[in-house]
Amino acid sequence: MNTQPLLNSYLSTKTVSSPAIHSIIIPNGNHQVVIQTDQLMCMEGCGNYTFLYTNDGKRYLVSKTLKSYAAILDDQVFLRVHKSWIINLKYLQEFCEYERSLKLRGGREIAISRRRIREVCEVLTPIVKCA
């Protein structure tokens with residue numbers, strides 16, 4: 001199912017609460033890497049660290065919490081689905097409410113927490129159906 005038209009209609013109905021962040025600069029060895037937010041597929045929190053996964057298959061480890069990224073990222077595009085996961089809705093491929101799981105492009109599967117399933121369903125049910 002092509003989810004892009006539904007996603008575009010969903011995004012157009014949301015109101016903008018803060019200016020959108022278009023890139024994130026992270027340290028990587030002796031240099032810094034600029035990651036465009038539209039290239040971020042998902043983020044995984046691990047204590048005080050966060051793994052950033054990009055659409056080109058790269059993974060970056062940053063010494064910031066997932067909560068700090070949730071506070072600055074555009075909530076129209078990024079959705080917190082678990083205590084340890086934030087996903088980019090542009091890369092969402094499948095959503096299954098019954099199994100409480102999501103599948104992103106590239107095959108990554110992410111579980112939705114019981115605590116967040118209601119919020120996630122409210123956002124995702126109009127966009128995609130259970131596969």
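Strand S3 (residues 40-46) and strand S7 (residues 85-88) run antiparallel and are joined by three bridges. Here, strands are DSSP runs of E with at least two residues, helices are runs of H or I with at least four, and both are numbered from the N terminus. Within this pair, Glu-44 sits opposite Trp-85 in S7. The model is a predicted one, where local features need pLDDT of at least 70, side-chain atom pairs count only at pLDDT 80 or more, and totals for chains, interfaces and linings use all residues. Residue numbers start from 1 along each chain as its sequence is written, and side-chain values use heavy atoms, with hydrogens and water left out.

Zooming out, the pair belongs to an open sheet of five strands, ordered S5-S4-S3-S7-S6 with antiparallel pairing; two strands pair if DSSP finds at least two bridges between them. Strand S5 (59-62) and strand S6 (78-82) are the edges, each with a single partner strand, so one side of each has no neighbour in the sheet.

As for the whole protein, it has three helices and ten strands, which follow the pattern α-β-β-β-β-β-α-β-β-β-β-β-α along the sequence.

Ser-101 makes a handy example, with its place in strand S9 (residues 101-104). Ser-101 counts as buried because its relative accessibility is 17%. Leaving aside residues up to four places away in sequence, Ser-101 touches Glu-94, Phe-95, Cys-96, Ile-110, Ala-111 and Ile-112, where contact means heavy atoms within 4.5 Å.

Note on methods:
Buried < 20%, exposed > 50% of the residue type's maximum accessible area, 1.4 Å probe, protein only.
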